[in-house]
Amino acid sequence: MGTSRLTTILILLLAGSVSCSRPQKTEGSRYKVTAVADGDTITVLDLNNNSHRIRLQGIDAPERGQAVGTESRQHLNDLLFGKDVMLQGEKSDKYGRILCKVLVDGRDANLEQINAGFAWSYRQYEKDLSSEDRDSYSNAESQAHRAKRGLWSDPAPTPPWEYRHPSDRPSSSVQ
């Protein structure tokens, strides 16, 4: 075994003895998807077998109780479960999930969810995206809407941010 290979193995073994709650560096690292909670949240294992909750950045998918919520989760599951992925991003949300662009086989899984009509481009947080991702997510949503894919088969789908906070919606009572 060459010296550089042995050094790499020793570094990985030493790094494995340090427990961390989130990846130290997501850029360029590989992770294995072990669970798909819904259409925009997954769990991954890093090289040290530490588990991390990942929120797909820049999208918002229907909740489980919403129309197409189950289909959205299933689409993401079919796309990612059991696969090695690359993560781009290091910010966390208020629930401790790491906000990431998830790449599988060179494809942007976040964009794939929008293309299939199983997620909205999350405009409230688009400032955190690159201008390229902002544009591609917005364009994909428009195309899915025009094609009536997924959630867009409903003429007026309820966005998940409104579904989660029904008291924020305007009252529809007749006077």
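Two strands pair if DSSP finds at least two bridges between them, and I take strands (E, at least two residues) and helices (H or I, at least four) as DSSP runs numbered from the N terminus. I am working from a predicted model, in which local features need pLDDT of at least 70 and side-chain atom pairs count only at pLDDT 80 or more, while totals for chains, interfaces and linings use all residues. Residues are numbered from 1 along each chain as its sequence is written, and side-chain values use heavy atoms, with hydrogens and water left out.

**Entry 1: strand 6 and its partners**

I looked up strand 6 (residues 98-104) and found Met86 standing opposite its Leu103, in an antiparallel pairing with strand 5 (residues 84-88) that runs over three bridges. Strand 3 (residues 51-56) is joined to strand 6 by three bridges as well, but in the parallel sense, and there Ile54 stands opposite Ile98. With strand 7 (residues 107-108), strand 6 pairs in the antiparallel sense over two bridges, and Arg107 is the bridge partner of Val104. These two strands form a hairpin with two residues between them, and Asp105 in the turn has a positive phi of about 50 degrees.

I then checked burial (buried is under 20% relative accessible area, exposed over 50%, partly exposed in between, with a 1.4 Å probe and protein chains only). Ile98, Cys100, Val102 and Val104 point one way from strand 6, Leu99, Lys101 and Leu103 point the other way, and all are buried. In a regular strand the side chains alternate between the two faces of the sheet.

**Entry 2: aromatic pairs**

I searched the whole structure for aromatic pairs and noted four; rings of Phe, Tyr and Trp (its six-membered ring) pair if their centres lie within 6.5 Å, and planes under 30 degrees apart count as stacked, over 60 as edge-to-face and the rest as tilted. Trp120 and Trp152 have ring centres 5.7 Å apart and planes at 65 degrees, so I recorded the pair as edge-to-face. This pair links distant parts of the chain, with Trp120 in strand 8 (residues 120-121) and Trp152 in the loop between helix 4 (131-147) and helix 5 (160-164), 32 residues apart. Both Trp120 and Trp152 are buried.

Tyr122 and Tyr125 also form an edge-to-face pair, at 5.0 Å centre to centre and 75 degrees between the planes. Tyr122 is buried at a relative accessible area of 10%, whereas Tyr125 is partly exposed at 38%. I noted that Trp120, Tyr122, Tyr125, Trp152 and Trp161 form one aromatic cluster.
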